[in-house]
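Me: I am new to this structure. Can you take me through how to read its features?

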Amino acid sequence: MDTVIPRRRPAAAPSDSPLRGRVAVVTGAARGIGEAVARRLSQDGMRVALLGREAGTLRRAAASLATPSLCVEADVTDRAALDSAARQVADRLGDAAVVVANAGVAAGGPFRRTDADVWQRVIDVNLVGSANTARAFLPQLARTRGYLLQIASTAAFGSAPMMSAYCASKAGAESFAQALRGEVEPDGVAVGIAYLHWTGTDMISGVDDHPVLRALRANQPWFSRRVHTSGEVADWLAAGVRRRAHYVYAPPWLRLCQPLRPLFPALVARAARRELRRTPAAELTAGTGVMGAGGRADWEAYKSAAHRSPGGPYEERPG
C-alpha cells in the first residue's frame, strides 16, 4: 500500500537548471552517497525515484526531498524486480532522464578467508547489478535521450589486497560502462563514469581495522588521504550529471591521476607487500567480511530472500 508523506516546503531549484522537472533514478539510495545524490538532484528540481533494500531508511531519505519522489524496494541483482521498478517509475513519475547506478557493497579480508558467497555477492551487486540497472532503464533513457552515470572507484586504478571482490567489481563496472557508451551514443544516450576516492560513508568506517588498507592510505600523499563527505561528493556528481560528463572525478584532482594509472598497480603492490610481511596472519583475518551497515543490511536481506516476496512501491510523494 502506498503511503503519502507530507511535503516539505519546496526548495527553489535553479530556474536555468537543465534537470528541472525531469526524472532521476538513484540505486542504493537508502544511505550514504545514494541518499546524498538523490537529495542534490531534488534540489536541482528533479523528481527522484529512490531504489534500495531498506524500506525504513528509504522512507527517511525520501522525506528530506522537496520534489515528488517514489521509493521502490528492489535488489539490483534481481532483473524482474528492476523491470518492475522501471515500470513503476514510468507510470508514477515519467520516463527517467537520469539514472545513477550507485548501488554497491564491499567486503574486506584475505581472498582465501572470505566466504565464497560473500565474495560473489559483491561482484553481483556492484557489477551485475549495474548491468541489470542499465538493461531495465535504457529504453526510458533512449526515449528521453538521457544520461546514465556509473559509480566506479579509484579501486579501479590500482587493486588493493584485502579488497579483491570490490576492486574486481569496480574495474568491471568501469569497463562495462565504457563498452556501453559506444553502443548507446547513437540513441542519444550519454554514459558517464564517476571515480570516487575516500568518502565518509559507513562502508569505510572500519577501513583502519584492516592493516593493509590502513597502510595503503597512510602511504598516499597527504591531500589524497582526506575523507570527503557524502554531500561534497554528491555536489561533484550532480555537476557531472548536469554536464552529461563522460568522466566525473570526486574529488576533481583525481583527473590528474588518469595518465599515471599504469604506475599504480606496482606502487600499491609494493606498499601492500611490505605490510603483509610484517602483519600477523590473525590480524589480517580479523576484519574479514561485509563492510558497513548498508552492506550488512544487503547481506541479511539476501540471505533471507527465499522467505520474502518481491518488493514493490511502498511510498510515493505527490507532485
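Predicted model: local features only at pLDDT ≥ 70, side-chain atom pairs only at ≥ 80, totals over all residues.

Me: Which residues touch the most other members in the largest nonpolar core?

Reply: A nonpolar core is a set of buried Ala, Val, Leu, Ile, Met, Phe, Trp, Tyr and Cys residues joined through side-chain atoms within 4.5 Å. Buried means under 20% relative accessible area, exposed over 50%, partly exposed in between (1.4 Å probe, protein chains only). Here the largest core has 42 residues, and Val 25, Leu 51, Val 89, Val 99, Phe 137 and Leu 148 touch the most other members.

Me: Which elements give two or more residues to this core?

Reply: Helices (H or I, at least four residues) and strands (E, at least two) are DSSP runs, numbered from the N terminus. The contributors are β1 (23–27), β2 (47–52), β3 (69–73), α3 (79–92), α4 (116–144), α5 (164–184) and β7 (190–196). The largest share, seven residues, comes from α4. Another core, of 34 residues, lies apart; among its members are Ala 30 and Ala 245.

Me: Is Thr 133 buried or exposed?

Reply: Thr 133 has 1% relative accessibility, so it counts as buried. Thr 133 is found in helix α4. Contact means heavy atoms within 4.5 Å. Leaving aside neighbours within four places in sequence, Thr 133 is in contact with Thr 27, Val 76, Leu 82, Val 99 and Ala 101.

Me: How many aromatic pairs does the structure hold?

Reply: Rings of Phe, Tyr and Trp (its six-membered ring) pair if their centres lie within 6.5 Å; planes under 30 degrees apart count as stacked, over 60 as edge-to-face and the rest as tilted. The structure holds four such pairs. Phe 111 and Trp 119 are edge-to-face because their planes are at 80°, with centres 5.7 Å apart. Phe 157 and Tyr 195 form a tilted pair, 5.2 Å centre to centre and 50° between the planes. Phe 157 lies in the loop between β6 (147–151) and α5, and Tyr 195 in strand β7, 38 residues apart. Both Phe 157 and Tyr 195 are buried.

Me: Which residues do ring pairs link into a cluster?

Reply: Phe 157, Tyr 195, Tyr 247 and Tyr 249.

Conventions. Residues numbered from 1 in each chain as written. Heavy atoms only, no water.
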